[in-house]
Amino acid sequence: MDAVLENLPTFLRGFGVTIALLGIAGAGALVIGTLVAAMRISPVGSLRGFAVVYTEILRNTPLTLVLFFCAFILPYLGVRIDFFVLAAIGLTAYTSPFVAEAVRSGVNGVPVGQAEAARSIGLGFGQTLGLVVMPQAIRMVIPPLINVLIALTKNTSVAGAFFVKELFASAQDVINVRGDQVFAILMAVAVFYLVITVTLGRIAAVVEKRVAVLR
Amino acid sequence: MTNVLYDTPGPRARRLSRIASIVGVVVIAIGLVALIAALAAPRITAAGAELPGVFDPSRWDILGDRAVWRRIGAGLLNTLQMAGAGAVGAVVLGILLSFLRTARSPWIRYPVVVVLEFLRGMPVLLMMLFTLLIFSTGAYWAGVTGLVLYNGAIIGEALRAGIASLPRGQREAGLAIGLGPVRTRLLIEFPQAFRQMLPIIIAQLVVLLKDTSLAYAIGYNELLRTTTNQMVNYYGSRYLFTLFFVTFAIYLTMNLLLSWIARVVARRTDAGRIPKGSTPFSRRAEKRAAARRERALDRAGLEAGGGADA
């Protein structure tokens with residue numbers, strides 16, 4: 001236990017980096033994912049095709065490969081950026097198709113009749129979208145989006161294997177010094193991760209109950 | 001096609017979307033050409049030496065070598081071996097957990113809830129490292145254990161959701177004809193739940209296959225480590241991009257294939273559920289069953305499409 005307490009600053013620094021990765025990659029993935037989802041539902045064929053290819057490629061590539069690409073291949077090709085930024089880019093790219101799929105299924109989950117009713121009483125495209133479809137879609141999208149963020153939290157640990165000193169990597173550092181207390185150290189790290197994932201899970205459950213659309 | 005956002009387009013909207021589509025194709029093509037040109041251009045290193053572009057034949061010539069493919073094959077085999085062992089273990093553990101999670105005694109049920117919650121909130125990589133360091137199992141078994149624990153928990157939740165979504169009459173009928181609670185669960189409820197959840201389980205196996213690459217971080221010689229570490233050391237860093245590209249292509253092919261199988265199975269189970277000569281009444285019953293299934297999955301925090309848990 002003392003190995004954990006002694007190295008608490010190291011853990012907290014790592015925890016901070018994990019939170020930063022989660023925040024940056026989460027925000028980036030929300031923006032890009034929403035754009036891709038908009039392309040995927042748009043009536044423009046070429047954008048739809050692009051969105052499908054983007055989603056399928058990134059969803060079917062292991063995260064390790066994406067981060068390897070960012071940490072090794074990009075510098076190899078002459079890109080000179082900090083490893084933290086590279087990892088954030090990789091996590092953003094990897095998470096965005098999952099966001100896109102969540103958003104798309106949310107919008108498509110609104111019954112067609114809702115939009116038809118809106119159009120038939122004379123609302124334009126913007127009004128239909130802003131007043132009728134989106135308010136319902138957003139409610140349905142939030143719980144799956146939080147699930148994506150929970151997955152992202154766990155995925156940040158992979159960045160630890162690619163030169164980013166986040167929680168997982170700082171655990172390995174501490175273990176290298178205090179090999180006698182591996183169990184306590186790993187349990188402490190587990191608790192740090194659970195703090196984020198369980199909290200997000202509870203939020204998802206509460207939000208789901210609050211905003212549920214009764215049909 | 002009408003969707004929520006757009007009505008079936010008229011002639012003017014069709015023309016407009018066709019123009020937008022062409023503009024889109026042009027923009028995407030320009031982007032791709034720029035990317036390929038950037039990759040193909042020779043680079044000057046910090047030391048002043050000139051390196052050939054990525055598409056230069058001197059970077060791809062090793063792909064004609066038999067020995068190279070044999071090494072790649074060995075790495076792929078290691079990956080598949082881990083995925084296979086992980087898949088079998090995860091399905092077995094999932095079945096076990098789903099039974100324990102639906103046990104009647106709260107003394108069994110609640111501890112299992114806590115364990116499931118713990119396993120699902122934990123990075124797979126951390127579980128692998130834990131097994132590696134605490135039980136000194138070696139990288140292979142550490143990787144397999146991490147995969148089994150995590151994916152077993154997910155599959156367990158899916159199966160539980162499947163059991164919960166069955167109409168109550170199924171269980172009551174089993175009990176009424178004198179099967180005990182255990183045999184009712186095994187013979188009546190579980191087979192139906194398993195068949196319903198099969199697409200989700202297969203989608204989860206795609207996640208599992210992707211996650212085998214995490215064993216890269218604990219030093220297991222799976223596909224990625226074989227190609228980009230061992231082989232690059234042996235053949236030279238000139239081939240890093242080439243070997244990475246081959247690895248990427250192999251993973252993409254395998255996962256797209258598995259995803260496709262999951263979709264086919266999903267369609268088949270859907271088709272099987274609505275027989276051809278069905279009456280409006282039975283179709284409505286089917287719809288209700290599908291809705292029940294989705295609600296049960298929602299409560300479990302799983303996606304009907306599967307693989308939501310990146």
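Trainee: What volume does the second largest pocket have?
Mentor: About 1,200 Å³. A pocket here is an open set of points on a 1 Å grid over the protein atoms alone, where a 1.4 Å probe fits, with protein on both sides within 12 Å along at least five of seven lines; the volume is the space filled by probe spheres set on the points, joined across faces, edges and corners. This is a predicted model, where local features need pLDDT of at least 70, side-chain atom pairs need 80 or more, and totals for chains, interfaces and linings use all residues. Residues count from 1 along each chain as written, chains are lettered from A and ligands numbered from 1 in written order, and side-chain values use heavy atoms, without hydrogens or water.

Trainee: Which residues are closest to the centre of that pocket?
Mentor: I57(A), F69(A), L35(B), L39(B) and F248(B), out of 31 lining residues (an atom within 4 Å of a point).

Trainee: And which elements give two or more residues to the lining?
Mentor: Chain A brings α3 (45-59), α4 (63-76) and α5 (83-108), and chain B brings α1 (11-40) and α10 (240-273). Helices are DSSP runs of H or I, at least four residues, and strands are E runs of at least two, numbered from the N terminus.

Trainee: How many nonpolar, polar and charged residues are in the lining?
Mentor: There are 27 nonpolar, three polar and one charged. Asp, Glu, Lys and Arg are charged, Ala, Val, Leu, Ile, Met, Phe, Trp, Tyr, Cys and Pro nonpolar, and the others, Gly among them, polar.

Trainee: Back to α3(A) and α1(B): at what angle do their axes cross?
Mentor: Roughly 45°, and the axes come within 6 Å. The two helices are therefore oblique to each other.

Trainee: Which residues meet there?
Mentor: G45(A), S46(A) and F50(A) meet A20(B), S21(B), G24(B), V25(B) and I28(B), with contact meaning heavy atoms within 4.5 Å.

Trainee: New topic: how many helices and strands does chain A have?
Mentor: Nine helices and zero strands. The C-alpha trace of chain A spans about 70 × 45 × 20 Å along its principal axes.

Trainee: Where does UniProt put the transmembrane regions of chain A?
Mentor: Its unreviewed entry lists residues 12-36, 57-77, 83-100, 144-163 and 183-205. In the model, residues 83-100 of chain A are 100% helix, with end C-alpha atoms 26 Å apart. Residues 57-77 of chain A are 81% helix, and their end C-alpha atoms are 21 Å apart.

How values were computed
Axes fitted to C-alpha atoms, helices over the stretch in contact; angles between N-to-C directions. Parallel < 35°, antiparallel > 145°, perpendicular 65-115°, else oblique. UniProt positions renumbered as here; feature names shortened; annotations may be inferred.
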